[in-house]
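I opened this notebook to record what I looked up in the structure. The entries follow in the order in which I made them.

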Amino acid sequence: MKHKRLILGIFLAIILTLLILYSGLEYNNYDPGIEYILENFETYNNTKISFSGVIEEVNTTNQQITISIPRTPYLMEIKTDTIEDNMQKGDIVEILGVLDGKYHVTAEKILVIQQWKYDLIFIRSLPAIPFALYLFFRTRRFNKKTFRFEWRDKDA
Amino acid sequence: MPDWLTHTLAGWITGKAIKMEVGLLVVGSLIPDLVKINLAFLYLGVDLHHFLNPFHTPAGAFFIAGIFALFFEDAKKAFIPLGIGIITHFILDFFLVHVSGGMKLLFPISWSEWQYYLIRSDDYHMTIVAVLAAILVYIIYFYHKKERL
């Protein structure tokens, strides 16, 4: 019984590993990231792309915003018809548009998340960790000998 | 993503409503967001998003739940609430607004993405609704329990 469980665990872990490897190796072929798109600019020139970044500059005169791509040296110029009043440096943006220059996109859709609202998502998430741990360990405990989670109280 | 508080509260409410082990259901509701482990890797300067993405697909999340369930006496009984928790997670995430794309619900069979753009991920009203719903369920559950005593 114990061996059956171990074999099943190894089998599931192998499948999960294969999924991870498949995703990692094929991801850019199906859902390319902006870094891959810029490295293969000729392939994606004049195609519709989507990506996200952080606003660096808002130019209302030219109806253009400059965004940086986190963890890359790239700065993208985004041409848009509608610059929202509340767009500010540091806000997070999702862009859908046509790549019509190496670092230039004409946007069709822009989704702006104000920086404080973005940070608030993470702050709101923090209480969930102790909440989940409390609910779980209120009724369960880990038995180091059997290497299993068991009921704290058989009647629980 | 909706915040984790919304996910855990949705899991807790579901667990109370269907009378299942809430602890496991709440843990299950957070399993797909194990993909956020990537934040730790990003801090170390390594981006593993493409590799970890299967965690945020039903197939990947259910495999993780399957492995976790093996650490319980009755693995099948543990897997069910974990799985329901995962489903609550994907239902909530399904309604998030993006400019394009969505969730790869049929990965690895298909890379197609599905989403119904309804709620912005930064909309904290969703969290408030979840908190109020949880309080309501708690009150109902509390009085129901009191009446039975």
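I read the elements of chain B from the N terminus on, and they run α-α-α-α-α-α-α. The count for chain B is 7 helices and 0 strands. I note here that the model is predicted.

I next looked up the extent of chain B. Its C-alpha trace spans about 55 × 40 × 30 Å along the principal axes. Of the 149 residues in chain B, 38% are buried. I also checked the contacts in chain B between residues at least 6 apart in sequence: 52% of them join residues at least 24 apart.

I then turned to the nonpolar cores. Which residues have the most contacts inside the largest one? I found B:Val26, B:Ile31, B:Ala61, B:Ile64, B:Ala65 and B:Leu82, in a core of 31 residues. At least two residues of this core come from each of helix 5 (128-139) of chain A and, in chain B, helix 1 (4-17), helix 2 (22-30), helix 5 (58-69), helix 6 (75-94) and helix 7 (125-148). Helix 5 of chain B supplies the largest share, 7 residues.

In chain A, B:Val26 is in contact with A:Ala132, A:Leu135 and A:Phe136. In chain B, its contacts are B:Thr8, B:Gly11, B:Trp12, B:Gly15 and B:Gly85. Another core, of 15 residues, lies apart from the largest one and includes A:Ile65, A:Ile67, A:Met76 and A:Ile110.

Last, I looked up the domains of chain A. The assignment gives domain 1 (1-31) and domain 2 (34-118). Taken over C-alpha atoms, the centres of these two domains of chain A are 35 Å apart.

Note on methods:
Residues numbered from 1 in each chain as written. Chains lettered and ligands numbered in written order. Predicted model: local features only at pLDDT ≥ 70, side-chain atom pairs only at ≥ 80, totals over all residues. Domains from an automatic or database assignment. Core = buried A, V, L, I, M, F, W, Y, C linked by C-beta atoms within 7 Å. Buried ≥ 20, exposed ≤ 12 C-beta atoms within 10 Å, placed from the backbone. Helix = DSSP H or I, 4+ residues; strand = E, 2+ residues; numbered from the N terminus. Contact = placed C-beta atoms within 7 Å. Lists of a residue's contacts leave out its neighbours within four places in sequence.
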